[in-house]
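Please look over the model below before reading on. The paragraphs that follow lead through the fold, its helices, its aromatic rings and its surface.

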Amino acid sequence: METLAAPGDLNTEDLAAWLRNLFGPLFLVIVSIVALFFLFTREITRFAQFVLLAIGIGIIFYVPDIIEVTATSIARALGIDLD
């Protein structure tokens, strides 16, 4: 039986970048189509809500370090020792 990768040989450093390159354009296409739908049906309130949600998801998706920075900042603000 052939072993493709030993348990210690697994390299996932480029996995996030690969996923970002794969799903990033797909995310933008879906956001564009839904946004155009809301604009053409004149649902401005839903359009604004959707745009804000899409921006939030895009920030988390394209800047994944923001989650760690935010969590660290909240922990320090609450007085939790991280060391």
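A residue is called buried when its relative accessible area is under 20%, exposed when that area is over 50%, and partly exposed in between, with a 1.4 Å probe and with protein chains only taken into account. The model is predicted, so local features need a pLDDT of at least 70 and side-chain atom pairs count only at pLDDT 80 or more, whereas totals for chains, interfaces and linings use all residues. Residues are numbered from 1 along each chain as its sequence is written, and side-chain values use heavy atoms, with hydrogens and water left out.

The protein chain contains 3 helices and 0 strands, and its elements, read from the N terminus on, follow the order α-α-α. Helices (H or I, at least four residues) and strands (E, at least two) are DSSP runs, numbered from the N terminus. Of the 83 residues in the protein chain, 10% are buried. The accessible area, which comes from the Shrake-Rupley method with a 1.4 Å probe and, for residues, counts only the protein chains shown as cover, is about 7,300 Å² for the protein chain, and carbon and sulfur atoms supply 67% of it.

Helix α1 covers residues 15-40 and includes Val34, a residue that is partly exposed at a relative accessible area of 27%. Val34 lies 13 residues from Phe47 in sequence, and the C-alpha atoms of the two are 8.6 Å apart in space. In the loop between α1 and α2 sits Arg42, whose phi is near 60 degrees, a positive value in a residue other than glycine. Arg42 is exposed, with a relative accessible area of 75%.

What does Glu43 form with Arg46? The two form a salt bridge, in which the closest N and O atoms are 3.5 Å apart; the term stands for a side-chain nitrogen of Lys or Arg within 4 Å of a carboxyl oxygen of Asp or Glu. By this rule the structure has 1 salt bridge. Glu43 itself counts as partly exposed, at 27% relative accessibility.

Helix α2, made up of residues 44-62, has 19 residues and reaches 26 Å from its first C-alpha to its last, close to the 27 Å expected at 1.5 Å a residue. The expected span is 1.5 Å times one less than the number of residues in the helix. Within α2, Phe50, Ala54 and Gly58 are buried. Seen down the axis of α2, the buried residues fall within an arc of 70 degrees, so they line one face of the helix, the arc being that of the directions from the helix axis to the C-beta atoms. An α-helix has 3.6 residues a turn, so residues three or four places apart point the same way. On the other side of α2, Thr45, Gln49, Leu52 and Leu53 are exposed.

Rings of Phe, Tyr and Trp (its six-membered ring) pair if their centres lie within 6.5 Å, and planes under 30 degrees apart count as stacked, over 60 as edge-to-face and the rest as tilted. The structure holds 2 aromatic pairs. Phe37 and Phe38 form a tilted pair, 5.8 Å from centre to centre with 55 degrees between the planes. The rings of Phe38 and Phe50 have their centres 5.8 Å apart and their planes at 65 degrees, so this pair is edge-to-face. It links distant parts of the chain, with Phe38 in helix α1 and Phe50 in helix α2, 12 residues apart. Phe38 and Phe50 are both buried, whereas Phe37 is partly exposed at 49% relative accessibility. Phe37, Phe38 and Phe50 form one aromatic cluster.

On the surface there is a nonpolar patch with about 810 Å² of accessible area together, and its residues include Leu28, Leu52, Tyr62 and Ile66. Patches are made of residues with over 30% relative accessible area and no salt bridge, with like charges joined within 9 Å and nonpolar side chains (Val, Leu, Ile, Met, Phe, Trp, Tyr) within 5 Å. The largest share of the patch, 5 residues, comes from α2, while α2 and α3 (65-77) each supply at least two residues. Leu28 lies in helix α1 and is partly exposed at 46% relative accessibility.

For α3, the 13 residues should span 18 Å at 1.5 Å a residue, and the end C-alpha atoms are 18 Å apart, which agrees. Just after α3, Gly79 takes a positive phi of about 85 degrees.
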